[in-house]
Amino acid sequence: MQTAMDAGLDPSEVQHAAAELLGLPFLDDLLDHPTSPTFTDKIPIGFARQFGMVGVESRLASTEGDKPSLIIAMADIKHLEHVDTVNRMLGHHAQIALAPIHIVESAINRAYESQSGKAQQFISNLDQDHVLSEVQKLAGREDLLDVSSREPVIQLVNLVLFEAFKQQASDVHLQPYETSFVARMRIDGVLHDCFHLPKNVQEAVISRVKVMGKMNIAEKRLPQDGRASVQVGDREIDLRIASLPSNHGERVVIRLLDKSAQLYTLGEIGMNEQTIARFRQLVNIEHGIILVTGPTGSGKTTTLYGTLDEINDNRRNIITLEDPIEYQLPGVSQTQINEKKGLTFASGLRNVLRQDPDIIMVGEIRDHETAVMAIQSALTGHLVFSTLHTNDASSAVTRLLDLGIEPYLVGSSVAGVMAQRLVRKVCSKCVANIAATPAQIQSLQLTRGDVPEDLQLCQISGCEHCRQTGYRGRVGLFELLQVNEAIRQDITQRATAARIKQTAIRHGMQTLRDDGVQKIINGITTLEEVDRVTVRLEGAENFVDETV
């Protein structure tokens, strides 16, 4: 068949002809054939990929009570001899069919990615003596789907990471306690205890993770950082690993960054029409600083990436300084910060200015030097995007003043500040609506004229789809402060964040709380979620000001 392909024939036509010649079925699509759990349980993914075959079930059965028959879909007839090996491993004879190579590869990834839930079963069946055997260092990039023929501790780590990927967790915490060892996952911004591991495998598991991150497994008294890349099928995941000594042993946090994850547009992250229109007007100015603020994990980087992707029209030179680079942006020059080698945000920004940039994105303003360089860049005709860790938009201004920047420089360079939070969305599979109580209406801080008739709020219950939490996915709350003449005057007078906020509200700024209330009324999230991210941070005493 290879000779025929080299002659310029279409591979699918060659396969079709080979199937007719051998009297085998030809499947041009496997989406109608569910993958066989028997095949994925007994055949390693490495074997399936090497010989281009996957087990699927036929929907046709001779009688109504018959079980679906197993079909081995193959991409190349030269591997027919290995079907006998598969039959022995399966314990019965399977039918053979041919299919295009890309169809088979996609089905293999789909089949092994669906193996959710195996981690807890594996943990329950661990041979603890065997797990404590020497951890073998694996060269190259790990494939989390390949869990066969590994040492048990390696299988365990791979399966825990695989479960985290399946649950779309952002972080995995390996937390040691006095008598237990728990794997926790941050899903939709909330930590969940997912696996309780045997205490006596703690050292082996931590050592395995440190080996993956190229960290010193002998050093247990000092914090360490490491990085690794793994694969789940055809998707590449970057891991950021951080260890920290504790009184019950080292704890490790692993951040998962899916390099092939969807890049969200500004219209998909939750901005309402008014905010997105004002923000788009703001990001198309020629020069100035635009800041995005919020705590860690509030979606600041996602907003910046969506912004850069939207304004990237190939007519402007866009350069970023990031730590880490979370998404690949076509047409944008992205630079990874490396403080160990002396490449900081401040030094990197100084060198970026020699690259004739139009737009610069600085991952974070952390110190006086970086703030000075960012402001100088804005005042010399560049559009600068960056982030700050502040509670709201107005606090970003006072934060720059605290870093030692003169008020007149802040007022003349900062064009706008976007503050944001993430709240969990209600699960569409199990949500119910109930009439709002007077106490809930009072908590929403709505005036009588703003309360819709027969207002109903979402009530969560929980189902398998949302892991019994009542929530699935997240959406942003946004607060956009545009620096106008009135706010510039407040900045020059070193006004407090509260006063700047009141000035912005009088000029039409919608606060985080306002945006959250609107999403509650629209049935997107719940009052409890909005309270979780706004009440504690903004303080109930500010609500009167926010409704002015």
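Two strands pair if DSSP finds at least two bridges between them. Helices (H or I, at least four residues) and strands (E, at least two) are DSSP runs, numbered from the N terminus. This is a predicted model: local features need pLDDT of at least 70, side-chain atom pairs count only at pLDDT 80 or more, and totals for chains, interfaces and linings use all residues. Residues are numbered from 1 along each chain as its sequence is written, and side-chain values use heavy atoms, without hydrogens or water.

**Stop one: the sheet.** Select residues 70-74, strand S2. S1 pairs with S2 in the antiparallel sense, over 5 bridges. Find Val54: Ala73 in S2 stands opposite. The open sheet has 3 strands, ordered S1-S2-S3, with mixed pairing. S1 (53-57) and S3 (95-98) are at the edges with a single partner strand each, so one side of each lacks a neighbour in the sheet. From one strand to the next, the twist averages 35°.

**Stop two: the helix across it.** Select 83-90, helix H5. H5 lies across S1, S2 and S3 and runs at about 150° to S2. Axes are lines fitted to C-alpha atoms, for helices over the stretch in contact (heavy atoms within 4.5 Å); angles run from 0 to 180 degrees between N-to-C directions.

**Stop three: Val201.** Go to the loop between strand S7 (190-197) and helix H10 (202-212), where Val201 is found. Val201 is buried, at 0% relative accessible area. Buried means under 20%, exposed over 50%, partly exposed in between (1.4 Å probe, protein chains only). Ser180 is 21 residues away from Val201 in sequence and 10.0 Å away in space, C-alpha to C-alpha.
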